[in-house]
Amino acid sequence: MAYRKIKANKIFDGYTFLETNKVLITQANGIIETIVDVKDAGDDIQNFNGIICPGFINAHCHIELSHLKNKIPQQTGLVEFILQILKYRNADEDIKQHAMQLADQELYNTGTVAVGDICNTNDSLSLKKHSKIHWHNFIEVSGFNNDIAETRFEIAKNIYEQFCKLSLSNSIVPHAPYSVSTKLFNLINQSAIGKTLCIHNQETLTENEFFQDKIGGFLHLYESLGVDITSFLPLQKTSLQYWLPQLKNAKKIIAVHNTFTTQADINFVKNKKTEQEMYFCLCPNANLYIENTVPAIDLLIKNQVNIVLGTDSYASNTQLNIFEEIKTIQKYFPNIPLQNILKWATINGAKALEINDKFGSFEKGKIPGIVLINNEKATRIL
Ligand SMILES: [Zn+2]
């Protein structure tokens, strides 16, 4: 059998940097065989300058919005951003398909092997039939009034069933706490047994203001969209403390953004009665794009919560490149060791999407992809 033997200045195995002088041995197709000392590796070792690590897991993306690249103005705040998306998201089919193909290629070339991808439509179905990337499809549903809950859920279920013909990696998920009614949360929760769900969480301060006191920018959003919120009463609790108890059936939940998540919210997560695993997904370049802010990552680390990384979409990012998210985290939080951030980008993401049997680390039998990091860039080499 033909093997590949790979050595680099440093090897990160999904958990930690290995001692120097280790060689990663894979089968020709990329299945991990073993890691050995260089003295036991024999001949034909390929040497790379830089860091070798497993393929990245992008836990939050919206590939179907790729045609919005450079369309949405930056730093307008979330409410204006949402209104802009609704204005620009429709486009000709060939424009959307072409943009998605370019995005898929970029994800692959920059080392992403698996994506947790939000789908509001079946637009990405044909791309995913041929993509070399693993996709978990989060079929997203919204509707803030109870009377449209069943109709909206049926539409999502129809899209979900179309994706199920392609793969089993799918779940129906709420868009955000401020766009999903309690009845719709209930329907989603009923379909969530054994599933990984995700939700956009605390992406703006306004989100907490709305749930706590029914004030702030969301009132403008509902008015602009013609959504009647007269029956909604202020809850005196934050967004996270409102939505989390409504998704009790989910096996795992990926809370995305967390830009305004506080210690009280993290305590609430830690004290919840269910066994479900929580993951906090960071998309710092999108947070900078929309709100010109970054989450309190140091607070998340202090609390030892599970962290994963995402890019969000081309509506709120200038690239779909996990290594650029890593660089932004290093820029704003220079004291976080690279080893920790790489772990978020690899094994943690694989666990969140329940694909750690195949992805996320250099362990025998897995086929995680191999990424080379050098000259401030990440490139897929296998
Ligand atoms: Zn998003």
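**View 1. Polar contacts across the interface of domain 1 and domain 2.** Across this interface, 8 residue pairs are in polar contact, both residues at pLDDT 80 or more; a polar contact is a pair of N or O atoms within 3.5 Å, one able to donate a hydrogen and the other to accept it, and residues adjacent in sequence count only if both atoms are side-chain atoms. The model is predicted, with local features needing pLDDT of at least 70 and side-chain atom pairs counting only at pLDDT 80 or more, whereas totals for chains, interfaces and linings use all residues. Residues are numbered from 1 along each chain as its sequence is written, and side-chain values use heavy atoms, without hydrogens and water.

**View 2. The two domains.** An automatic or database assignment gives domain 1 (1-54 + 360-382) and domain 2 (56-359). Contact (heavy atoms within 4.5 Å) joins 21 residues of domain 1 to 21 residues of domain 2.

**View 3. The salt bridges of Asp-37.** A salt bridge places a side-chain nitrogen of Lys or Arg within 4 Å of a carboxyl oxygen of Asp or Glu. Asp-37 pairs in this way with Lys-22, at 2.8 Å from N to O, and with Lys-39, whose closest N and O atoms lie 3.7 Å from those of Asp-37. Asp-37 is partly exposed at 26% relative accessibility, while Lys-39 is exposed at 66%; buried means under 20%, exposed over 50% and partly exposed in between (1.4 Å probe, protein chains only).

**View 4. The salt bridge of Glu-363 and Lys-366.** These side chains meet at 3.1 Å, N to O. Glu-363 is partly exposed at 34% relative accessibility, whereas Lys-366 is buried at 6%.
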